[in-house]
Amino acid sequence: MEFHLRFLLTNFIGVHAFFFFISLATAELPRLQHPTKVDGSLSFLVVGDWGRKGAYNQTQIARQMGKIGEKLKINFVVSTGDNFYDDGLKSINDPAFLNSFTKIYKAKSLQKPWYNVLGNHDYRGNVEAQLSPNFRSVDSRWLCMRSFVVNSEIAELFFVDTTPFVDKYFVRPKDHKYDWSGVLPRQHYLSNLLKDVDLALRNSAAKWKIVIGHHGIRSAGHHGDTKELVKQLLPILEANEVDLYINGHDHCLQHISSITSRIQFLTSGGGSKAWKGDFSANSHKGMRFYYDGQGFISVQLTPNDAIVAFYNIYGKVMHTLNLSKGLYSAV
């Protein structure tokens with residue numbers, strides 16, 4: 001692990017000047033530093049469930065992301081997982097990396113760091129390949145780790161590997177094969193991850209605490225709530241006063257306000273194929289917005305305020321969430 005992180009750091013410094021430091025402490029999540037803008041603000045885009053070689057309107061979504069990215073002068077892009085369909089990457093030489101990522105997100109404004117988590121479809125491929133720092137010699141924007149933290153002064157983003165939490169992938173995998181290398185023994189992996197996430201959140205002094213995972217905690221989409229995350233991860237997020245939990249997995253755009261805490265649950269899983277009219281039986285009192293189509297979201301932060309916008313395939317804003325410390329509202 002320590003060797004892997006040292007190799008990662010060397011590649012970051014040699015390839016991309018954005019990345020400044022990764023903690024090598026064995027009991028902590030890897031940490032990256034990303035500066036804010038000169039005025040102290042921060043903005044980024046979030047897209048999920050996208051990697052289909054441009055199909056299912058992935059290219060059109062990428063085009064709109066480029067336009068919004070230029071308008072907002074984004075600092076980076078966040079991916080909520082399922083980066084390569086249907087079965088992840090086969091190897092570090094898999095052409096799907098170029099055909100689904102590099103050749104699709106070509107806009108100048110998107111030539112910024114991409115911070116990625118793994119989704120369940122990524123786990124069906126060669127996980128170590130997708131995590132390999134060698135991909136930065138192909139496209140220097142790419143950063144994918146299982147779980148890590150991005151510190152950007154006014155905000156900290158906590159990326160959590162959610163796929164190993166879900167029981168059905170282990171007990172009812174159907175015809176799918178999952179690459180669990182680096183995860184087994186599972187309970188030991190999850191126990192350590194939960195401890196590391198809790199420690200990182202408790203030690204955070206950031207104005208905004210944002211957690212990103214692939215699977216939804218609260219969702220009215222096809223998959224509904226992820227019961228394992230509700231039981232194991234949600235109490236940690238509530239105890240540490242997390243502001244936003246952002247996920248993909250459900251191929252939609254969605255906003256649910258917690259009725260028991262300050263957390264806003266945001267789904268950005270419309271990067272390519274969407275599930276029109278496909279809802280779960282779950283009903284959420286905190287439902288603020290649901291769109292069963294393709295799109296992405298933007299997040300703009302200052303020390304005291306946040307604006308989250310949901311965009312469709314035409315770049316039209318369909319919903320906004322305005323947050324401030326002490327006052328939350330949605331329109």
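**View 1. Cysteine 252 is buried, with a relative accessible area of 1%.** Buried here means under 20% relative accessible area, exposed means over 50% and partly exposed lies in between, with a 1.4 Å probe and protein chains only. This is a predicted model, so local features need pLDDT of at least 70 and side-chain atom pairs count only at pLDDT 80 or more, while totals for chains, interfaces and linings use all residues. Residues are numbered from 1 along each chain as its sequence is written, and side-chain values use heavy atoms, with hydrogens and water left out. Cysteine 144 also counts as buried, at 3% relative accessibility. As for disulfides (pairs of cysteine sulfur atoms within 2.5 Å), the count comes to zero.

View 2. Of its 331 residues, 60% count as buried. The accessible surface (Shrake-Rupley method, 1.4 Å probe; for residues, only the protein chains shown count as cover) comes to about 13500 Å², and carbon and sulfur atoms hold 53% of that. Take the contacts (heavy atoms within 4.5 Å) with a separation of 6 or more: 71% of them are between residues 24 or more positions apart.

**View 3. Strand 14 (residues 305-312) is largely enclosed by the rest of the structure, because six of its eight residues are buried.** Strands count as paired if DSSP finds at least two bridges between them. Strand 13 (residues 295-301) runs antiparallel to strand 14, with seven bridges joining them. One spot to look at is isoleucine 297, whose bridge partner in strand 14 is phenylalanine 310. The link from strand 13 to strand 14 is a hairpin through three residues.

**View 4. On to strand 15, which pairs with strand 14 in the antiparallel sense over seven bridges.** Here aspartate 305 stands opposite serine 324 of strand 15. These two strands make a hairpin as well, with four residues between them, and glycine 315 in the turn has a positive phi of about 80°.

**View 5. Histidine 319 sits in strand 15 (residues 317-324).** With a relative accessible area of 6%, histidine 319 is buried. Its side chain meets that of histidine 255 in a polar contact of 3.0 Å. A polar contact is a pair of N or O atoms within 3.5 Å; within protein, one must be able to donate a hydrogen and the other to accept it, and residues adjacent in sequence count only if both atoms are side-chain atoms.
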